[in-house]
Amino acid sequence: MALDERYFVTSDLSPYFVDKNTGLPLANGSISFYRDVARTTKKTVYQLIGAPPNYFYAPLPNSVPLSSVGQPQDGTGDNVIIYYYP
């Protein structure tokens, strides 16, 4: 499957989540995503998997775990770029 332009990533390819009060990383925390039209319903987010030209978008668990330095990780502990689908 080719890349799908409907999936998008934020401009920051290596997000770093911090505590809004202290500025310290949200170490070993998690981040959740919710639908805009239903703020209590979780939204599926994805990671890009594969090699050219055989890419596909695999769903991530929602809540996405954060590393010890506040970066999103997949289930194996690797840093991951989160893709969104509107």
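I take a salt bridge to be a side-chain nitrogen of Lys or Arg within 4 Å of a carboxyl oxygen of Asp or Glu. I'm working on a predicted model, where local features need pLDDT of at least 70, side-chain atom pairs count only at pLDDT 80 or more, and totals for chains, interfaces and linings use all residues. I number residues from 1 along each chain as its sequence is written, and my side-chain values use heavy atoms, with hydrogens and water left out.

**Salt bridge.** I looked for salt bridges and got a count of one. R6 pairs with D4, and their closest N and O atoms are 2.7 Å apart. Next I checked burial (buried is under 20% relative accessible area, exposed over 50%, partly exposed in between, using a 1.4 Å probe and protein chains only). D4 is buried at 14%, while R6 is partly exposed at 47%.

**The chain overall.** I went through the secondary structure, taking helices (H or I, at least four residues) and strands (E, at least two) as DSSP runs numbered from the N terminus. I found zero helices and four strands, in the order β-β-β-β. The C-alpha atoms fill a box of roughly 40 × 30 × 25 Å along the principal axes. Of the 86 residues, 27% count as buried. For contacts I used heavy atoms within 4.5 Å. Among contacts with a separation of 6 or more, 55% come from residues 24 or more positions apart.

**Aromatic rings.** I paired rings of Phe, Tyr and Trp (its six-membered ring) if their centres lie within 6.5 Å; planes under 30 degrees apart are stacked, over 60 edge-to-face, and the rest tilted. That gave me six aromatic pairs. Y7 and Y85 make a tilted one, 4.8 Å centre to centre with 50° between the planes. This pair links distant parts of the chain, with Y7 in the segment before strand 1 (30-31) and Y85 in the segment after strand 4, 78 residues apart. Y7 is buried at 17%, whereas Y85 is partly exposed at 28%.

I then turned to F33 and Y84: their ring centres are 5.7 Å apart and their planes at 65°, so I logged the pair as edge-to-face. F33 sits in the loop between strand 1 and strand 2 (46-51) and Y84 in the segment after strand 4, so the pair ties together parts 51 residues apart in sequence. Both F33 and Y84 are buried. I also noted a cluster, in which ring pairs link Y7, Y46, Y57, Y83 and Y85.

**One serine.** Last, I looked up S67, in the segment after strand 4 (64-65). S67 is buried, at 6% relative accessibility. Leaving out residues up to four places away in sequence, S67 touches L26, A27, N28, Q73 and N79.
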